[in-house]
2 protein chains.
Amino acid sequence: MKNLIRLILSLLVIEFVFSQSLAAQKDFGFKPAASNIQGSDFPKISVDKSVYVRLRAPEAIKVQVQGGDGFCPKPLDLVRDTAGNWNAIVPSVGPGFHYYWFTVDGVRVNDPGSDTYHGYGRPTGGIEIPIADEDFFTAKNVPHGDVREHWYYSDITGKWRRAFVYTPPEYDKNAKKKYPVLYLLHGAGENERGWSKQGHMSFILDNLIAEKRAVPMIVVMDNGYATAKDAPAASAGFSMRDMTKMAETLEQVYVKEIIPNIDLSYRTIPKREGRAMAGLSMGGMQTMLIGMSHLELFSYYGFFSGAIMGGIMDDPKTAFSGAFADAESFNKKVKLMWFGAGSGEAQFVKMVDDSKKKLEVLGIKPITYISQGTFHEWHTWRRHLNEFAPLLFK
Amino acid sequence: MKNLIRLILSLLVIEFVFSQSLAAQKDFGFKPAASNIQGSDFPKISVDKSVYVRLRAPEAIKVQVQGGDGFCPKPLDLVRDTAGNWNAIVPSVGPGFHYYWFTVDGVRVNDPGSDTYHGYGRPTGGIEIPIADEDFFTAKNVPHGDVREHWYYSDITGKWRRAFVYTPPEYDKNAKKKYPVLYLLHGAGENERGWSKQGHMSFILDNLIAEKRAVPMIVVMDNGYATAKDAPAASAGFSMRDMTKMAETLEQVYVKEIIPNIDLSYRTIPKREGRAMAGLSMGGMQTMLIGMSHLELFSYYGFFSGAIMGGIMDDPKTAFSGAFADAESFNKKVKLMWFGAGSGEAQFVKMVDDSKKKLEVLGIKPITYISQGTFHEWHTWRRHLNEFAPLLFK
């Protein structure tokens with residue numbers, strides 16, 4: 001009965017006219033987002049980075065909008081106009097890439113006006129909020145590498161797994177040359193498509209290689225979820241315990257399956273000096289857990305807004321069977337420890353500072369970088385890749 | 001006010017208990033579909049190919065399900081249970097791959113339990129209904145080719161375009177060998193990902209090549225939509241007029257941009273004898289329009305449930321500036337005219353028969369194939385590719 005009353009009230013309330021306020025919005029120069037699907041007018045972004053969202057839903061009772069870090073973290077009500085469209089202005093959205101969704105009468109719906117991406121463990125809408133430095137990840141008139149969908153059978157998980165493999169523009173022209181490999185990991189709830197789709201990694205690398213700022217390299221982007229074939233199925237994998245358990249299986253998959261398969265399938269430099277590992281958020285934690293346990297495999301490490309648990313770095317001297325304890329030996333093997341975060345994600349900035357201090361005390365000198373004005377989202381990580389890749393394999 | 005009455009009636013009606021009927025459903029052996037996202041119990045498929053769909057939507061007033069050819073063509077109401085889940089059994093779904101979606105209080109929503117695919121011009125849910133012959137498109141322990149995401153700038157459309165390019169398993173090992181190329185086109189509302197995702201084309205080719213039934217070949221899958229940079233934006237492209245107009249631009253893109261770029265980027269056999277063109281539905285029509293106008297470019301043609309307009313084949317003798325008129329000359333250039341359809345899509349079967357008869361009268365001998373028990377959907381086209389590819393480049 002309560003529901004009924006709520007419904008009746010809603011029906012009476014929703015008739016006020018949203019369109020009157022729209023004329024005023026013209027002054028703010030709302031324009032369709034670059035991430036809209038072709039021909040879609042909504043969502044629109046204003047010069048002051050407000051987002052005007054609209055959903056056609058004449059029969060709905062309640063519509064809300066909500067998004068990821070930097071985009072409307074609490075649900076915001078949309079208002080129905082007389083034409084049956086629901087409208088809202090999401091105020092002051094942070095720059096960069098943001099997942100977002102509508103809730104229509106309690107059901108989560110992706111905006112049909114936006115492209116979808118694999119986020120939160122499911123296809124999720126996303127929007128690009130303009131930022132000054134978009135040039136470095138934009139497709140330009142330079143040679144382009146391919147991103148290859150590469151399948152291989154994993155005996156550990158009992159499944160066919162898919163990696164995306166970037167081969168640099170010159171790869172097919174130099175049939176004898178061998179290339180170093182960067183293993184690049186995505187975040188929680190995302191998948192192996194994240195770096196090439198949300199991250200535009202191929203254009204970042206194409207541009208860096210064309211400018212001779214980075215050496216030509218292969219980049220391998222595999223899935224960050226792995227469950228041993230006889231283990232019970234994992235949940236969506238957001239808990240630290242799930243992540244740690246999964247990292248153990250993933251470690252085996254990397255060491256026994258992914259790396260050997262890549263070295264067999266592509267012209268790689270199959271030794272420590274020819275391998276780097278980096279990841280964002282959950283992938284940063286996996287880079288720490290897997291990478292620090294295998295200094296024989298990698299020489300360069302990147303932690304992009306890395307979800308590095310306090311536990312690991314509490315006593316770095318004893319962590320990873322003492323990998324950090326002998327700085328001289330560590331520094332001989334490891335050419336780069338790179339930590340980054342976005343200035344808008346305070347806890348990750350703190351982790352960067354904390355890691356730097358603790359490693360410096362031991363005699364290990366990390367490089368750190370804070371992306372100004374960005375959040376826990378892909379523009380932060382695009383900048384990280386753009387800063388990190390030029391330091392590799394030189 | 002009518003809406004209000006409808007809402008009140010709905011609220012009174014929805015309390016009958018769906019769960020009582022579920023015990024009976026056990027006998028039908030409902031099991032989660034192979035296309036479900038990991039860990040999702042719904043949708044479920046019974047031994048008699050009914051599909052049990054469920055959506056959690058405690059606050060919704062009306063939920064319906066509908067799908068593509070062979071799957072619930074008219075909206076079917078779901079029924080709310082006391083737990084807030086909406087349920088329905090979709091009866092007698094055809095085998096193969098089907099797009100489907102929910103409508104929640106008038107808004108189209110993809111099933112969060114299923115993966116999504118680019119269909120109907122937007123991300124759309126899909127389900128695989130089991131069929132006896134799945135083996136040929138399944139990943140097996142054979143060498144696997146890569147499917148490469150390949151970007152190039154198109155001056156005609158003023159945009160960066162993306163092709164997916166399958167390179168056969170041996171491609172990277174034989175640095176000198178040149179390969180023939182099949183240009184493979186998707187259907188209306190789909191995109192360049194369709195053949196490798198919904199179609200599993202890489203596994204079909206991997207298996208055929210491993211069995212030595214098909215020669216190793218490159219397969220290029222580009223986007224079937226192209227709008228000249230100064231032309232007004234096209235609609236979603238389902239009208240014949242839109243398609244014809246687009247085919248004219250697409251013809252220019254193929255002749256001046258796609259084919260030269262592929263011949264430059266990959267080790268191809270860059271002549272008629274080394275090229276085939278095939279497409280499904282709208283892509284079949286494009287293969288006819290572009291291919292028959294360029295007998296100097298291709299030797300092998302496939303029309304998979306091809307949307308071949310009556311107009312073209314009405315008088316084949318005069319069509320395409322008389323390409324078919326001189327059968328002797330045509331047969332010297334063209335090694336294969338292949339037409340296929342699914343037995344469940346009567347109008348396309350008719351087009352196959354009609355094309356065959358009309359060409360035979362002229363002295364051109366097409367090969368035809370009807371996929372038994374399948375509809376206007378991807379399993380029909382997987383079978384078409386599996387039958388067509390072995391006939392190429394021999």
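Biologist: In which sense do strand 1 of chain B and strand 2 of chain B pair?

Modeller: This is a predicted model, in which local features need pLDDT of at least 70 and side-chain atom pairs count only at pLDDT 80 or more, whereas totals for chains, interfaces and linings use all residues. Residues are numbered from 1 along each chain as written, chains are lettered from A and ligands numbered from 1 in the order written, and side-chain values use heavy atoms, without hydrogens and water. Strands are DSSP runs (E, at least two residues; helices are H or I, at least four), numbered from the N terminus, and two of them pair if DSSP finds at least two bridges between them. Strand 1 and strand 2 (residues 44-45) of chain B share two bridges, and the sense is antiparallel.

Biologist: Which are the edge strands of the open sheet in chain B?

Modeller: Five strands of chain B form this open sheet, with antiparallel pairing, in the order 1-2-3-7-6. An edge strand here pairs on one side only, which holds for strand 1 (31-32) and strand 6 (79-80) of chain B.

Biologist: What area do chain A and chain B bury between them?

Modeller: Contact means heavy atoms within 4.5 Å, and 47 residues of chain A are in contact with 47 residues of chain B. Buried area is the accessible area (1.4 Å probe) that two parts lose on being put together, summed over both. Carbon and sulfur atoms carry 55% of the buried area, which is about 3,900 Å².

Biologist: Which residue of chain B forms a salt bridge with A:E149?

Modeller: A salt bridge is a side-chain nitrogen of Lys or Arg within 4 Å of a carboxyl oxygen of Asp or Glu. The rule finds six across the interface of chain A and chain B. For A:E149, the closest N and O atoms are 3.4 Å apart, and the partner is B:R193.

Biologist: Which residue is the bridge partner of A:E149 in strand 12 of chain B?

Modeller: Strand 12 of chain A and strand 12 (residues 146-154) of chain B run antiparallel, joined by three bridges. Within that pairing, the bridge partner of A:E149 is B:V147.
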